[in-house]
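The sequence and structure come first, and the description follows.

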Amino acid sequence: MLTLIKSSKGFTLVELIIGGALLALLLGAVFNVISTSYRINTATNITNQNVQTTKQVMAYIFPEMETVTAINQTTNNTITCNINETIHYVKNVNATNVACSISLTKNTVTLTQGTTSKTILATGIQSITLARHNNNNRIIQVSVTANNNNTSFSLQQLVVALNNNIIWQ
């Protein structure tokens with residue numbers, strides 16, 4: 001009878017426990033890799049969204065700044081438009097000075113030229129800054145900053161205005 005038990009095939013309880021523990025470790029490692037990959041992918045998607053949004057907003061602001069004649073600012077030849085704020089400026093349209101503005105809300109940027117407005121969906125845009133570059137009245141540094149889920153991206157670009165002497169008032 002003793003020989004019959006020894007010759008029967010199967011796993012002992014100790015072998016099953018060790019196998020289960022090894023399987024749990026393996027599954028834990030696989031889950032950790034998948035979880036890390038998901039977090040990295042999410043962060044990359046947010047960064048890509050910030051980059052695309054700032055490029056889209058800059059594509060609209062850049063031509064506006066090329067024809068600007070005056071920028072209404074407060075101090076230091078710099079003006080920043082945060083959420084629920086507006087930047088006012090004057091640009092030359094068909095040899096006529098027209099009052100314009102850039103307004104920023106939570107999800108949109110609105111460019112206004114006289115009575116015409118253009119609204120851009122811009123989720124995540126936190127601020128738009130216009131600054132005189134190195135005290136040169138003709139060069140404007142435009143900065144657009146986006147921030148989604150604590151991932152920030154800022155796009156800066158220099159614009160050479162067609163007007164030789166922009167008035168910073």
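## Charges and basis of the model

In counting charges, Lys and Arg are taken as positive and Asp and Glu as negative, while His and the chain ends are not counted; the place of a charge is NZ of Lys, CZ of Arg, CG of Asp or CD of Glu. On that basis the protein carries 9 positive and 4 negative side chains, and the centres of the two sets are 7 Å apart.

The model is predicted, so local features need a pLDDT of at least 70 and side-chain atom pairs count only at pLDDT 80 or more, whereas totals for chains, interfaces and linings use all residues. Residues are numbered from 1 along each chain as its sequence is written, and side-chain values use heavy atoms, with hydrogens and water left out.

## Overall form

The protein contains 2 helices and 10 strands, where helices (H or I, at least four residues) and strands (E, at least two) are DSSP runs numbered from the N terminus. Along the sequence, these elements follow the order α-α-β-β-β-β-β-β-β-β-β-β. The radius of gyration is 30 Å, well over the 15 Å that the globule rule gives for 169 residues, so the protein is more spread out than a compact globule; this radius is taken over C-alpha atoms, and the rule is 2.2 Å times the number of residues to the power 0.38. Taken along the principal axes, the box filled by the C-alpha atoms is roughly 110 × 35 × 25 Å.

## Surface and contacts

The accessible surface comes to about 10,700 Å², and 57% of it belongs to carbon and sulfur atoms; such areas come from the Shrake-Rupley method with a 1.4 Å probe, and for residues only the protein chains shown count as cover. Of the 169 residues, 33% count as buried, a term that means under 20% relative accessible area, with exposed meaning over 50% and partly exposed in between (1.4 Å probe, protein chains only).

Among contacts (heavy atoms within 4.5 Å) with a separation of 6 or more, 48% are between residues 24 or more positions apart.

## The salt bridge

Side chains of opposite charge can pair when their charged atoms come close. A search of the whole structure finds 1 salt bridge, defined as a side-chain nitrogen of Lys or Arg within 4 Å of a carboxyl oxygen of Asp or Glu. The partners are Glu64 and Lys91, with an N to O distance of 3.1 Å. This pair links distant parts of the chain, since Glu64 belongs to helix α2 (residues 13–66) and Lys91 to strand β3 (residues 85–93), 27 residues apart.

Glu64 is buried at a relative accessible area of 12%, and Lys91 is buried at 8%. Apart from its neighbours within four places in sequence, Glu64 is in contact with Tyr89, Lys91 and Gln113.

## Another position in helix α2

Val51 also lies in helix α2 and is buried, with a relative accessible area of 17%. The C-alpha atoms of Val51 and Val144 are separated by 10.0 Å, although the two residues are 93 residues apart along the chain.

Most residues other than glycine have a negative phi.

At 75% relative accessibility, Ala95 counts as exposed.
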